[in-house]
Structures are given as C-alpha cells and as structure tokens.
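Trainee: I have a new model open and would like to talk it through with you. Could we take it one question at a time?
Mentor: Gladly, let's look at it together.

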Amino acid sequence: MTTPGAAPADKATAAYDTSDPAYLKIRDLIYQISGIYQSQEKLYLLISRCERRMSAVNAKTASEYLEHLTVRGNRDTELRLLLNEITIGETYMFRSPFQLEALRNVILPQMIEAKSKLGFKRIRFWSAGCSTGEEPYTLAMLLVEESEKLLKGWSFDIFATDLNDRSLETAKAGIYGAYALRNTTEQLRNKYFKPIDDKRLQVTQQLKSLIRFDRVNLSDDSKMVFLKGIDIIFCCNVLIYFDLASKRRVVQHFYSNLLPNGYLFLGHAESLYQVEDTFRLVHFAGTTAYWKPPAGYIGGGKP
Ligand SMILES: C[S@@+](CC[C@H](N)C(=O)[O-])C[C@H]1O[C@@H](n2cnc3c(N)ncnc32)[C@H](O)[C@@H]1O
C-alpha cells in the first residue's frame, strides 16, 4: 500500500493525536483482520484514513468510530470500507520485467517439460494482492503471446485477488491511463487494449476472460486453506506491510497452496529470509523466486 500525497511524518504526526487509545485499538483490529501493521511512526496515516470514514458515518471521536467497527450491526461492512481506505495499491503493467523473463525463459519451459510427462497441460497462476489488476493483465499478455509458441496446446488461468473492493472493481473494469501503461509497448497496447477516450484504454475481452478476480484476505486462514493446486504465485509488494508473524502465516499457506515444483515470486525488495525456510531460493537473471521442492527432494542444488 502506498500513501500518495502523504505529508512528511513529523509534520503530519503533530496534526494527529496518535496517543488516543481508541486509535491504537483500531490499529490492533486492522492488524488482527488483515495482517497489516501500522507502526507508531505511521499511525498518523491510519488516523487520516479513519477520519475519512468518521466523517462519512458522522462519528465525532475515535472511540465513537471504534464502536462502528466493533459493536454496531454493520461493523463488518464498516471494517471493509476502512480497509478500502487503508490499502491503496501502487502498481503498473510490466512492473517487474526480470520476473517475466525468468518465467518465460526458465520456469515455464521447465514446468511444461515436467507436467507433460504427467499428462497435464494446464498451468494455474495466482496474483495475490493484485490491486487494480495491472499485474494479472501483464501476466495474461505474456501468456497469450506465448500461446502459439511455448504454450501451444496448453491452457492457463489466472486467479487474481485483493482485499480492497474498490481496487477489484477497477481491475474488473480494466480501464487504464498513461501511468499504468507507461511500461507497455506500443505493439502490446494496440493488440490488447481499445481506446475508450483520448486518455484511457480498456483491456480486451480476450484478456479479461483469462482472469478470475475475487476478494481474498490473505490473513483469512479459513479461505486460504481452500486455495489449492496453484503452479505460480505472484505476491509482490504486499507482505512488506505485514509483521513477521502474519507474514509467516501467509507464506505457510502459499506453500500448501502451491503444487510441488511451484514458484512464489515476491517484490524485488522482499525476501523470506528468517520468515520461512521450506521454500528454496532460486536465482534468475536480475531476480529471484521461491521454489517448492517435490516431496522427498533432498539436495541443495537448483531445481
Ligand atoms: C502495492 S500493492 C501491490 C500490487 C501488485 N502486486 C504489484 O506488485 O504491482 C499491494 C496490494 O496488497 C493488497 N493487500 C494488502 N493487505 C492484504 C491482505 N491482507 N489480503 C489481500 N490483499 C492485501 C492491497 O489492497 C494492495 O492492493
């Protein structure tokens, strides 16, 4: 989550009462539900987001707003609306070209070879924390581009999830402007987007049909245990806002969600160092990924 337009911390902190115990309780509630932890220095951001919802529900104080989140009849809806304010996702198409190269040049060829032996011709992707959809649409473009080459005769699907309802609505609409498309070549823009006005383009139905968008809270164990049979997970720039305990829980779920030989990609500033050691770190040109070894695998070499 980014904080566009956020004021410098010292100035902003001074404007908010970060010692109000009701805000600390709201911070703990957010953590419990979503795994997102706001440190003391970032508490002013949470307060500014709460203030938007407080004026929407006409709550005069933080403790009155806490009541909306905990005891009132519509508390689940209010919590969801507050989460929508807190989780604003910075993203754009083709954000991580090295990951895409690793996928195209190494991972997919390996996977195709291994799966062909078993008679499976399907590859399943999950973009976990997809924000407004740029990551899954990027994947969809890569896969369609490969569908007459590397992936000829194969089927693939992309499951794309986020916690933020508003981001998911934007993702489903698939309408993007210059910022989202700044790394997308002219050729791909012409092939996979249609202009809807002089500033915005909309993804084609072909790309949309490859992606299933859904709301999944990565900290919701009851949902995470049912997501199985995934080959490749992209969970980029999501877990940086989680503390160690909630990160560990999510990553353990990812391990069970993946099929043997599956891969997990994280954002380039993220790692599983001291988080989880059942995955094997694999190096590719300009990037790394985490590999789930098959049962009984021993050895420290490359997959
Ligand atoms: C910075 S965006 C990353 C978007 C994309 N993966 C990328 O790297 O370009 C982080 C996203 O994680 C989502 N997120 C944060 N906590 C989450 C949670 N507990 N469950 C699901 N999504 C979450 C946010 O709503 C936000 O859309």
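Trainee: How many bridges join E3 to strand E5?
Mentor: Keep in mind from the start that this is a predicted model. Strand E5 covers residues 201-203, and E3 and E5 run antiparallel. The number of bridges joining them is 2.

Trainee: Is Lys191 buried, exposed or partly exposed?
Mentor: Lys191 is found in helix H9, residues 186-192. A residue is buried at 20 or more C-beta neighbours within 10 Å and exposed at 12 or fewer. Lys191 has 14 inside 10 Å, so it counts as partly exposed.

Trainee: How far apart in space are Lys191 and Thr204?
Mentor: In sequence they are separated by 13 residues. From C-alpha to C-alpha, the distance between Lys191 and Thr204 is 8.5 Å.

Trainee: Now the whole chain: how many helices and strands does the protein chain have, and what is its radius of gyration?
Mentor: The protein chain has 12 helices and 10 strands. For 303 residues the globule rule gives 19 Å, and the chain comes close to that, so it is as compact as a globular protein of that length; its radius of gyration is 21 Å.

Trainee: What percentage of the residues of the protein chain count as buried?
Mentor: For scale, the C-alpha trace spans about 65 × 55 × 35 Å along its principal axes. Among contacts with a separation of 6 or more, 74% are between residues 24 or more positions apart. Of the 303 residues, the buried share is 36%.

Trainee: Which helix gives the most to the side of domain 1 that touches domain 2?
Mentor: The chain is divided into domain 1 (9-86) and domain 2 (97-291), and 8 residues of domain 1 are in contact with 12 residues of domain 2. Helix H2 (21-34) and helix H5 (75-86) each supply at least two residues of that side of domain 1. By class, that side has 4 nonpolar, 3 polar and 1 charged residues. The helix that gives the most, with 3 residues, is H5.

Trainee: Leaving aside neighbours within four places in sequence, which residues is Cys235 in contact with?
Mentor: Cys235 is one of the residues that touch the most other members of the largest nonpolar core. With those sequence neighbours set aside, its contacts are Ala128, Gly129, Phe254, Leu264 and Leu266.

Trainee: Finally, is Ala245 buried or exposed?
Mentor: Ala245 lies in helix H12, residues 244-257. Ala245 and Val275 are 30 residues apart in sequence and 8.4 Å apart in space, C-alpha to C-alpha. With 11 C-beta neighbours inside 10 Å, Ala245 counts as exposed.

Note on methods:
Residues numbered from 1 in each chain as written. Predicted model: local features only at pLDDT ≥ 70, side-chain atom pairs only at ≥ 80, totals over all residues. Pairing = 2+ DSSP bridges. Helix = DSSP H or I, 4+ residues; strand = E, 2+ residues; numbered from the N terminus. Rg over C-alpha atoms; globule rule 2.2 N^0.38 Å. Contact = placed C-beta atoms within 7 Å. Domains from an automatic or database assignment. Nonpolar A, V, L, I, M, F, W, Y, C, P; charged D, E, K, R; others polar. Core = buried A, V, L, I, M, F, W, Y, C linked by C-beta atoms within 7 Å.
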